[in-house]
Amino acid sequence: MQDLQSILEQCWLKLTLASQTPGAAWRTPVLATVSAQQPRQRTVVLRRVDRAAGSLWLHTDLRSAKIQHLEQQPAVSLLFYDAAAETQLQVRGRAVVHTAGAVWQQLWESSPESSLRMYLAPQPPGIHCSEPSPNLPEQFVGRLPNRGDLAAGLNNFAAVEIQAERLEWLQLSREGHRRAEFAVGAGTLQHATWLEP
Ligand SMILES: Cc1cc2nc3c(=O)[nH]c(=O)nc-3n(C[C@H](O)[C@H](O)[C@H](O)COP(=O)(O)O)c2cc1C
């Protein structure tokens, strides 16, 4: 059990570091949602980890399709892969969309202008267009807005909290692969087990 517990702690530590480190292996997980019984996936940036609460945070456009998916079905999966360490982590849980609150505000204030510029998009992301379009106000194509300019995008800014319920870890190794599963609730370990890889 001790071994399993330390693997779980290492996962949380690695996730926390990834949320603070552009370029880290687990920085850009794939978020899977379900819409009309069909799976949908997309890459996102892990922006914040709250180890005590057992939650992972990202941000997105309130007008994006994934927000509609989450409103219909909040069950999600986040998939992380570290190619150098040959380690995969699947986090399953429930998503809560925030458009106000302390963490929402903190994410807005701490994100660089380059990460917030897309919230100025005049059109909802994902709608059809007749030719390739950056979907940005003309003055911000090829130029970053300043903080004052960005305020117009606040209405489109949503923070998504993923409350982890199950973590499944897999590490490939010549000595033998190892795979484990953890059930967690509000950040507390409820059950841990090895799985056959
Ligand atoms: C490296 C990378 C990072 C991305 N990060 C985000 C992100 O943090 N938030 C986001 O909403 N979309 C992000 N995207 C874009 C999404 O993958 C996706 O195209 C977009 O959110 C629209 O998804 P949807 O139509 O399923 O809602 C990222 C894409 C890439 C390639």
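**Entry 1: A36.** I found A36 in the loop between β1 (30–35) and β2 (38–43); strands here are DSSP runs of E with at least two residues, helices are runs of H or I with at least four, and both are numbered from the N terminus. A36 has a positive phi of about 50 degrees, although it is not a glycine. Most residues other than glycine have a negative phi, so I made a note of this one. For the record, buried means under 20% relative accessible area, exposed means over 50%, and partly exposed is in between (1.4 Å probe, protein chains only).

A word on what I am reading: this is a predicted model, where local features need pLDDT of at least 70 and side-chain atom pairs count only at pLDDT 80 or more, while totals for chains, interfaces and linings use all residues. Residues are numbered from 1 along each chain as its sequence is written, and side-chain values use heavy atoms, leaving out hydrogens and water.

**Entry 2: N135.** Is N135 buried or exposed? I read 13% relative accessibility, so N135 counts as buried. N135 also has a positive phi of about 50 degrees without being a glycine. Its place is the loop between α4 (113–116) and α5 (147–150).

**Entry 3: the largest pocket.** I looked up which residues line the largest pocket. They are R42, T43, V44, V45, R47, H59, T60, K66 and Y119. A pocket here is an open set of points on a 1 Å grid over the protein atoms alone, with protein on both sides within 12 Å along at least five of seven lines, and lining residues have an atom within 4 Å of a point. β2 and β4 (55–61) each supply at least two of the lining residues. By type, the lining divides into three nonpolar, three polar and three charged residues; Ala, Val, Leu, Ile, Met, Phe, Trp, Tyr, Cys and Pro count as nonpolar, Asp, Glu, Lys and Arg as charged, and the others, Gly among them, as polar.

**Entry 4: the whole chain.** I noted five helices and nine strands. From the N terminus on, the elements run α-β-β-β-β-α-β-β-α-α-α-β-β-β. Of the 197 residues, 40% count as buried. The C-alpha atoms fill a box of roughly 55 × 35 × 35 Å, taken along the principal axes.

Conventions: On a 1 Å grid over the protein atoms alone, a cavity is a set of points where a 1.4 Å probe fits but cannot get out, and a pocket is an open set with protein on both sides within 12 Å along at least five of seven lines; lining residues have an atom within 4 Å of a point.
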